[in-house]
Amino acid sequence: MKNIAVIGAGTMGNGIAHTFAQTGFKVNLIDINEASLKKGIVTISKNLDRMVAKEKITELEKAKTLSNITSYTSIEEGVKSSDLVVEAATENLDLKLSIFKQLDAACSKNTILATNTSSISITQIAAVTSRPDKVIGMHFMNPVPIMTLVEIIRGYNTSNEVTKIIMDLSKALGKEPVEVNDYPGFVANRILMPMLNESIETLYNGVAGVHEIDTVMKLGMAHPMGPLQLADFIGLDVCLSILNVMYNGFKNPKYAPCPLLVNMVNAGKLGVKSGEGFYDYSESRKAEKIAKQFI
């Protein structure tokens, strides 16, 4: 496995591309939006600069990493010679199904198709392809170059061979893969999202303020980041989408999104990405400053 294609140049996509390229893989980074593609490459370059400044890599290693990445705006062109495609588009079922239909038609019959979905059924995604045995979940954590966990999610028809290949590949990236089965939210978000939602409920009910809730969890539970700040960092729209997937999948009211979360997303207050969520990320606290604590 030498040639990797990554679909989507956003936060997760450019992080996944960065990680593969830094490990020596040839990566085609694909996004139909030219501006998003350029922004993704700039983000990778800036993150590499931080790693150079902290002496984690050399300038030569940075140059080699960037040289391993080629950008494309065409899915068909970008996936032609790929051994593995990792889809990292927006957490939207219809969009992912459409992308996987395109990938199935454009890729070699031996190409493995992976999705970075954080909650959507791998089995459902695989069902729109002619190769359900070669469809698997690779749920990376954000920020991808730093976080070591990768949830490897087997769909109902994912083969043992493909699972082993992806487990071994994840280890080659310096990650710790954990194999899980295909249920809404998998493991990470099935446990994390109810906690974030309950933190938002605690704020909504007036039990305590944003700073107070986050301080209790950081100092009392030794969390490196408070739950409301973490929700901002993930993206409140992403949190809402994952909760809706679990609520619809389990039909259990404990996964119902807090009304405050719904209202904030409807108002466009999405966290770091929009400049405002539970915290203010205006000029004094832009996303790059948040990222520096990780990279």
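The following paragraphs walk through the predicted model, from its annotated spans to individual residues.

The model is a prediction, so local features are reported at pLDDT of at least 70 and side-chain atom pairs at pLDDT 80 or more, while totals for chains, interfaces and linings use all residues. Residues are numbered from 1 along each chain as its sequence is written, and side-chain values rest on heavy atoms, with hydrogens and water left out.

Residues 3-182 are 43% helix and 22% strand, with their end C-alpha atoms 27 Å apart. Residues 185-281 are 62% helix and 0% strand, and here the end C-alpha atoms lie 28 Å apart. Helices (H or I, at least four residues) and strands (E, at least two) are DSSP runs, numbered from the N terminus.

Eight strands make up an open sheet with mixed pairing, in the order 3-2-1-4-5-6-7-8; two strands pair if DSSP finds at least two bridges between them. At the edges are strand 3 (69-72) and strand 8 (176-181), each of which pairs on one side only. Within this sheet, neighbouring strands are turned by 25 degrees against each other on average, direction ignored (axes are lines fitted to C-alpha atoms, for helices over the stretch in contact, and angles run from 0 to 180 degrees between N-to-C directions). Further in the description comes the pair of strand 5 (residues 112-115) and strand 6 (residues 135-140), which is parallel and has three bridges. Leu113 has Val135 of strand 6 as its bridge partner.

Three aromatic pairs occur in the structure; rings of Phe, Tyr and Trp (its six-membered ring) pair if their centres lie within 6.5 Å, and planes under 30 degrees apart count as stacked, over 60 as edge-to-face and the rest as tilted. One of them joins Phe20 and Phe25 edge-to-face, at 5.4 Å centre to centre and 85 degrees between the planes. The rings of Phe20 and Phe140 have centres 6.5 Å apart and planes at 70 degrees, so this pair is edge-to-face. Phe20, Phe25 and Phe140 form one aromatic cluster. Phe20 is buried, with a relative accessible area of 0%, and Phe25 counts as buried at 11%; buried means under 20% relative accessible area, exposed over 50%, and partly exposed in between (1.4 Å probe, protein chains only). Phe140 is buried as well.

In soluble globular proteins, nonpolar side chains tend to be buried together. A nonpolar core is taken here as a set of buried Ala, Val, Leu, Ile, Met, Phe, Trp, Tyr and Cys residues joined through side-chain atoms within 4.5 Å. The largest nonpolar core has 34 residues, of which Phe20, Val27, Leu84, Met138, Phe140 and Ile166 touch the most other members. Ile166 is in contact (heavy atoms within 4.5 Å) with Leu84, Ile112, Ile136, Met138 and Ile152, leaving aside neighbours within four places in sequence. Another core lies apart from this one and holds 24 residues, including Ile242, Leu243, Tyr255 and Leu261.

Helix 8 (residues 188-204) contains Leu192, which counts as partly exposed at 24% relative accessibility. Not counting residues up to four places away in sequence, Leu192 touches Leu230 and Ile234. Between Leu192 and Cys239 the C-alpha to C-alpha distance is 9.8 Å, with 47 residues separating them in sequence.

A few backbone details complete the picture. The peptide bond from Asn142 to Pro143 is cis, with omega near 0 degrees, and Pro143 sits in the loop between strand 6 and strand 7 (149-154). Glu55 is a residue other than glycine with a positive phi, near 60 degrees; the loop between helix 2 (34-53) and helix 3 (59-67) holds Glu55, which counts as exposed at 73% relative accessibility. Lys251, not a glycine either, has a positive phi of about 55 degrees. Lys251 lies in the loop between helix 11 (236-250) and helix 12 (259-266) and, at 66% relative accessibility, counts as exposed.
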